[in-house]
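Reader: Hey, I'm new to this one. Could you walk me through a few parts of it?

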Amino acid sequence: MEWGQRRILIDCGLFQGFKQLRRRNRKPFPVRPESIDIVLLTHAHLDHSGYLPALIRAGFRGRVLCSPATRELCGLILPDSGHLQGEEAKYAQRKHYSKHKKPLPLYTLKDAEAALEQFETVEFEQPIDLGDGISAEFVPAGHLLGAAQIRLTIDGVGVHFSGDLGHDPDPLMRPPRPFSRADVLICESTYGNRSHPDIDHEAELAPVLKCVFARGGTALVPSFAVGRAQGLMFHVARLMNSGEIPRVPVYLNSPMAIDATDIYHRHHDEHHVSWEDCVAMYEIAKRVNTVNQSKELNTRQGPMIIISASGMLTGGRILHHLVSFGVDRRNAIVLSGLQAGGTRGAALAAGERRLRIFGQDRPIEAEVVQLETFSGHADADEILRWMEAEPPPKMTYLSHGEPVAADTLRRRVAHELGRAVRVPEHLETVRLDSPR
């Protein structure tokens with residue numbers, strides 16, 4: 001967003017999924033980083049925050065404003081990202097499966113730690129003066145602890161960024177605050193072409209786990225460390241305590257997810273899990289902290305549950321578990337959320353049974369189950385209900401969705417709400433005094 005002498009960036013995430021998208025992470029930033037005054041961060045997930053260390057290393061010296069919980073979660077996610085990138089680059093060089101003689105991470109753990117020094121926290125629903133007649137307000141978005149919508153007022157023009165909107169009902173988070181009037185709306189469209197099934201989370205999860213345990217198998221659950229892992233533990237604890245599924249060992253093999261669970265306890269006012277359920281969620285899993293503990297886990301046999309990052313099988317400890325457990329038909333790989341195109345998770349969900357892991361093609365014999373109820377995103381119907389506020393925006397732009405999802409939602413916004421709506425092009429510039 002540019003106005004007068006101010007240049008404001010809303011979110012600064014990593015491209016993920018297809019290689020042609022991931023290559024964008026290595027290209028020069030579209031504007032000079034040192035020309036940006038402020039970054040407003042909707043939430044902590046890597047596709048919204050994960051490029052910040054690279055931006056700051058390249059010269060950005062301004063403030064990063066976010067909610068207190070987002071700052072705490074970024075304190076886990078960004079150093080973890082830098083650490084994993086460094087470890088993966090070393091592993092690729094040692095095992096000789098990179099095309100580069102000396103593969104380098106996009107940024108390092110040190111870069112991530114330095115980036116966190118530029119973070120400042122702001123409270124929800126408190127106007128913030130950004131200078132030059134620009135004000136901002138952070139509004140709860142559901143979706144994730146600390147997640148925000150961002151309302152900007154620029155010389156009297158209201159611009160509303162939805163951020164990632166939460167699904168209602170969500171196992172953890174409260175629903176997003178309703179949209180209020182704005183001249184321009186920039187809205188996510190992740191689930192723009194689908195509706196979540198009308199089924200209880202536990203009613204979907206319990207039969208899957210019971211079948212796996214009955215055949216002596218392990219349920220391997222790739223999971224986002226922040227949000228999804230906590231929701232899964234919440235429901236597993238409830239199912240075991242009610243006797244719906246047998247008590248088997250549950251392993252949380254993600255140091256970041258372990259620490260994030262502590263943060264959920266500290267920000268109890270942002271979610272609707274009772275204190276008793278929160279304690280049960282916290283206690284249900286055995287924490288796997290060290291690399292040696294993770295390796296030892298690969299020697300065990302089921303029945304058991306292993307929850308580990310990353311959620312779309314793009315990296316992390318889950319890949320080592322996939323190599324070990326994926327070859328046994330008694331086991332199941334339980335996909336618990338959206339699998340972005342170009343990821344190993346998307347390939348499995350589409351029926352692929354050979355995956356490229358650590359430079360080798362690995363066979364997958366385990367059962368693959370895609371859960372449909374565990375998304376942290378609003379579906380298309382929920383987005384339409386959320387944006388029904390009158391008067392309508394002069395223009396709505398749909399972002400953050402794969403092409404089919406974004407265009408499907410565009411048609412529904414146009415036909416069902418009768419509103420002007422577009423899916424903008426990558427790197428397109430729009431004048432807000434004459435939106436089109």
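This is a predicted model: local features need pLDDT of at least 70, side-chain atom pairs count only at pLDDT 80 or more; totals for chains, interfaces and linings use all residues.

Reader: How many residues does H8 have, and how far does it reach?

Author: H8 covers residues 255–266, which makes 12 residues. From first C-alpha to last it reaches 17 Å, close to the 16 Å expected at 1.5 Å a residue.

Reader: OK, switching to another helix. Where does Ser81 sit?

Author: Ser81 belongs to helix H4, residues 68–95.

Reader: Buried or exposed, and why?

Author: Ser81 counts as buried because its relative accessibility is 5%, and the cut-off for buried is under 20%.

Reader: And what is Ser81 in contact with, leaving aside neighbours within four places in sequence?

Author: Ser81 is then in contact with Leu14, Leu46 and Tyr107.

Reader: What about loops? Where is Pro33 found?

Author: Pro33 is in the loop between helix H1 (19–22) and strand E3 (38–40). At 11% relative accessibility, Pro33 counts as buried too. Beyond its neighbours within four places in sequence, Pro33 is in contact with Leu55, Ala58, Gly59 and Phe60.

Reader: Let's do sheets. What's the strand order in the open sheet of 7 strands?

Author: The order runs E6-E7-E8-E9-E10-E19-E20, and the pairing is mixed.

Reader: Which strands stand at the edges?

Author: Strand E6 (128–131) and strand E20 (421–422) do. Each has a single partner strand, so one side of each is left without a neighbour in the sheet.

Reader: How do E6 and E7 pair?

Author: E6 and strand E7 (residues 134–140) are antiparallel, with 3 bridges. Gly131 stands opposite Ile134 in E7.

Reader: Last topic: pockets. How much space lies in the second largest pocket?

Author: That pocket holds about 250 Å³.

Reader: Which residues lie nearest its centre?

Author: Of the 19 lining residues, Phe124, Pro140, Arg177, Asp269 and Glu270 lie nearest the centre of the second largest pocket. Its lining divides into 10 nonpolar, 4 polar and 5 charged residues.

Conventions: Residues are numbered from 1 along each chain as its sequence is written. Side-chain values use heavy atoms; hydrogens and water are left out. On a 1 Å grid over the protein atoms alone, a cavity is a set of points where a 1.4 Å probe fits but cannot get out, and a pocket is an open set with protein on both sides within 12 Å along at least five of seven lines; lining residues have an atom within 4 Å of a point. Grid points are joined across faces, edges and corners, and a volume is the space filled by probe spheres set on the points. Ala, Val, Leu, Ile, Met, Phe, Trp, Tyr, Cys and Pro count as nonpolar, Asp, Glu, Lys and Arg as charged, and the others, Gly among them, as polar. Two strands pair if DSSP finds at least two bridges between them. Helices (H or I, at least four residues) and strands (E, at least two) are DSSP runs, numbered from the N terminus. Buried means under 20% relative accessible area, exposed over 50%, partly exposed in between (1.4 Å probe, protein chains only). Contact means heavy atoms within 4.5 Å. The expected span of a helix is 1.5 Å times one less than its number of residues.
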